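Hello,

Here is the structure I said I would pass on. My notes on it follow below.

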Amino acid sequence: MIEITGLTKTYGSGNKTVNALNGVDLQINSGMFGLLGPNGAGKTTLMRILSGIVNPSGGSIRINGHDLTTEAGKYAVKSMLGYLPQELGMYTELTAEQFVDYMAILKGLDDSRKRSQRVAEVLEMVGLREVAKRKIKGFSGGMKRRVGIAQALVNDPKMLIVDEPTAGLDPEERIRFRNLLVNLAADRVVLLSTHIVEDIGQTCRDLAVLAKGKILFRGSPAEMLKATEGHVWTLTMSGLEKPNHDLTVVSMLHLAEGTQYRLVGANVNGYSSAQPTQPGLEDGYVWLMKSTGQVVMES
Amino acid sequence: MKRFSLKYTLLTYRLDQLWFPLAFLAFFIILTLLLRNEVQNYDIARAYVGFAVPLVGGFMAAYAILDDPALELRFATPIRAAQILLERTTLIFLIQAVCANAFLLFSLIIGVDFSPLGNWVNVQLCWLLPTITLIALGTFGALIGAQTMVGSFLVGLVWFVELIVRDGMAVNNWKYAYIFMSILSPEHPDLVSNQIALFALTIAFLFVAWALLRKQERYI
């Protein structure tokens, strides 16, 4: 279990101080947990802190009882961690098998027989068994991500942290990746950080929304949808007319009778033809950002 | 748990960092063969082991740790900063040791007399101490500046300045930090103090580099 209390992270000093995290409180239990937020919200900083790479400026973090603000705690957490960073750098001259094997050694899997068995297992798990002996430099973006997840899993981690894992993947790869993460979450904590709302909606039973270093929402996707009910409409308008700026256009579709807008906002005063509609998670996210005063896309 | 593999340390070593010292070695061997002059051969041998080997070692050390594509993944594993530091700098030192001794062997075969530098141990110290000092300086510079360029700049600057003001370096208090004393002034009365001081400097640079490397967030 992860317990985060009053977590702060500040970069720079004086006039150039940036508060990347500003008093984050979170409790995360086993299963799949989604961390959603716009670019620059502080997600990667939080992931790196939880991975023991970045030191917090203040607050406390305990992972399975280990205090992450101490060296001993960091060492213990890293020993049970699987981490897939947003910018995945690898030794591309190595084969997939060699790379995962090397990471296994760095994580302390010393017994070579058990290690090679485990390497084969995780490569099978991510569907790379057939190409295990090929150099990584010849792999597609999706295949590299899968090598990344294989190395994260090789030590059978109790906690798996994946930062923007589906960025740059094609739809098929994304679905495969999401399913893989859900399977893995059956017996461990999987922390998925992303700005792609759909990835969270399809996989997580629990989520938090982070913006400007603060937690704006903590709950289930269903709770987020409930909070959005009554704030989503469809409206068809003809000609060059557009909805007013109090409403955020989530999507638009050109039809024969005009343009159909999907709108999120406090109310649709002045648009009698607007039809209330069932919110999706993306609407929920937009409404949350809007209702908490965060900048959302131009209407 | 050892968390170390020589095989992968070598496989993940960048080949261009191997060509660089080998190119220097080949250049000095060719130069020696072209000149074929006993006095000049001695000077070329001194120039290679006393000046080129430490410089190349220092430059390579500046890139040794930070120029790692999988640095963030490595940081997320439970390996200690000291291990990363030693693994990378030792490899560079070993490459330089092989190059220096290969050239010394080549020089001996063609008849170069190293006796003005003292016994065999003293000849070894001529390349070893400046090399470890500049390796430590390169590593320290890269880590304190959080950029490989800072390390290589610092190495180049110290090497160049000490070479230019070598006569002055040997006579004032800077003599203890004079990296070329073994090769240029083997008869200097303070040679042993200089060698001890260089060793101490190396340890100090490596210690600070280790402390800096523990602050992993500076490098990702």
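**The interface and chain A**

Chain A and chain B bury about 2,700 Å² between them, and 58% of this comes from carbon and sulfur atoms. Buried area here is the accessible area (1.4 Å probe) that two parts lose on being put together, summed over both. Of the area that chain A buries against chain B, 24% is supplied by Y75(A), Y91(A) and L106(A), more than by any other three residues.

This is a predicted model, in which local features need pLDDT of at least 70 and side-chain atom pairs count only at pLDDT 80 or more, while totals for chains, interfaces and linings use all residues. Residues are numbered from 1 along each chain as its sequence is written, chains are lettered from A and ligands numbered from 1 in the order in which they are written, and side-chain values use heavy atoms, with hydrogens and water left out.

In terms of contact (heavy atoms within 4.5 Å), 31 residues of chain A meet 27 residues of chain B. There are 3 salt bridges between chain A and chain B, a salt bridge being a side-chain nitrogen of Lys or Arg within 4 Å of a carboxyl oxygen of Asp or Glu. One salt bridge joins the side chains of K9(A) and E217(B), at 2.6 Å from N to O.

On chain A, the side that touches chain B draws at least two residues from each of β1 (2-11), α2 (71-79), β6 (81-84) and α3 (96-106). Helices (H or I, at least four residues) and strands (E, at least two) are DSSP runs, numbered from the N terminus. The largest share of that side, 7 residues, is from α3(A).

Chain A has 9 helices and 14 strands in its secondary structure. Its C-alpha trace spans about 70 × 45 × 35 Å along the principal axes. Of the 299 residues in chain A, 53% are buried, where buried means under 20% relative accessible area, exposed over 50%, and partly exposed in between (1.4 Å probe, protein chains only). Among contacts in chain A with a separation of 6 or more, 66% are between residues 24 or more positions apart.

One residue to look at is L253(A), in strand β12 (residues 248-255) of chain A. L253(A) counts as partly exposed because its relative accessibility is 46%. Leaving aside neighbours within four places in sequence, L253(A) is in contact with G258(A), T259(A) and Q260(A).

Regards
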